[in-house]
Amino acid sequence: MISIAHLSKTYASGHSALKDVSLDIRRGEIFALLGPNGAGKTTLISIVCGLVTPSAGTVSVDGHDIITDYRAARAKIGLVPQELTTDSFERVRDNVCFSRGLFGRPPDPAYIETLLRSLSLWEKRDALIRTLSGGMKRRLLIAKALSHQPEVLFLDEPTAGVDVELRRDMWNLVRTLREEGVTIILTTHYLEEAEEMADRVGVINHGELILVEDKAALMKKLGEKRLTLELSAPLAGVPDLLAPFDLALAPDGRELTYTYAAAKEGAPGERAGHPAVADLLRAVAASGIAVRDLRTRESSLEEIFVSLVRREP
Ligand SMILES: Nc1ncnc2c1ncn2[C@@H]1O[C@H](COP(=O)(O)OP(=O)(O)OP(=O)(O)O)[C@@H](O)[C@H]1O
Ligand SMILES: [Mg+2]
């Protein structure tokens, strides 16, 4: 749906915000763009939406080049910007209808009503925009972005400043849009949002796209599982029988921890030279260690992200 090739952006200040980024977004997917503050996410989105001119490289949206064929490219796109930019003295419904008109689409009051209702803005349809709360303004921006029924929706930090319940509603809206075939690209600092929503994840750092991966594959590849055994009596050292498992003994001798790749299918741990957990438990029993309790922990997208970004210079 979107094809980005060798895209670079150097701002007039001389700051190089994007460095040779290439990325293809598939039709109908939810793509989460992750990266720390200043990484270049908004710059990338702004270029695709025609708000920032690229220094080098090309972008096409459904086959339409964003520069030579910008009208067709932009008509396909809806953008919910990161910054709250609204016309204070307009009324909610008028403003959304006007946005639709900007794209040359004929009026469709029934669609606008459905849209405002799905964003819980129908009660506020005749309110002046400046009287809305911050979260309502953000929902208004979403309504405006969807007013012309775009095929691609960019959500730049859609849930910043949005309360927990509304965030759930927005996730549901995004899922509904995806079912209707809309391609969605979102940036977020809430990793659990990407973990919950995205089909694919891209990580950008210092203007470079350092990773693009299916979310499930990423969690499987980089995810770790940790099994911790709480012991009834402290150990002075790891018994010889348990040496093959490469266990970590806590300084107080009361916990043994086994770390292994979090393979989702098959027996846990049965990968790449890791003995299976069942073997470990048998060996623990055979060595006569009394286990008081055990717990397991799986790494989240957040931990994967932090370790990726930290690894960069
Ligand atoms: N108009 C501009 N002129 C000069 N530099 C800019 C401009 N816009 C952005 N930058 C710089 O480009 C870099 C990338 O900014 P960008 O807004 O794309 O980051 P981001 O990934 O969206 O960050 P955040 O998570 O904080 O929104 C930053 O160093 C920023 O200061
Ligand atoms: Mg940004």
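Author: Helices are DSSP runs of H or I with at least four residues, strands are E runs of at least two, and both are numbered from the N terminus. This is a predicted model, where local features need pLDDT of at least 70, side-chain atom pairs count only at pLDDT 80 or more, and totals for chains, interfaces and linings use all residues. Residues are numbered from 1 along each chain as its sequence is written, while chains are lettered from A and ligands numbered from 1 in the order in which they are written.

Reader: Okay, which helix gives the largest share of the shell around ligand 1?

Author: A residue is near a molecule if its C-beta atom, placed from the backbone, lies within 6 Å of it. For ligand 1 there are 13 such residues, with Y11, N37, K41, T42 and T43 the closest. The largest share, 3 residues, comes from residues 41-48, that is, helix 1.

Reader: And how many residues in the shell around ligand 1 are polar?

Author: Let's sort them: Ala, Val, Leu, Ile, Met, Phe, Trp, Tyr, Cys and Pro count as nonpolar, Asp, Glu, Lys and Arg as charged, and the others, Gly among them, as polar. The shell around ligand 1 has 3 nonpolar and 1 charged, and its polar residues number 9.

Reader: In what order do the strands of the open sheet lie?

Author: Strands pair if DSSP finds at least two bridges between them. The open sheet has 4 strands with antiparallel pairing, in the order 2-1-4-5. Strand 2 (16-25) pairs on one side only, as an edge strand, and the other edge is strand 5 (64-65), so to recap, the order is 2-1-4-5.

Reader: Which residue in the turn between strand 9 and strand 10 has a positive phi?

Author: Strand 9 (residues 200-205) and strand 10 (residues 208-214) run antiparallel, joined by 6 bridges. G202 stands opposite V212 in strand 10. These strands form a hairpin with 2 residues between them, and the one with a positive phi, about 50°, is H206.

Reader: How far apart are the axes of helix 3 and helix 5?

Author: Axes are lines fitted to C-alpha atoms, for helices over the stretch in contact, and angles run from 0 to 180 degrees between N-to-C directions. Contact is having C-beta atoms, placed from the backbone, within 7 Å, and here V92, N95, V96 and S99 in helix 3 meet L140, A143 and K144 in helix 5. Helix 3 (residues 92-102) and helix 5 (residues 134-146) pack at an angle of about 30°, with their axes apart by 8 Å.

Notes. Contact = placed C-beta atoms within 7 Å.
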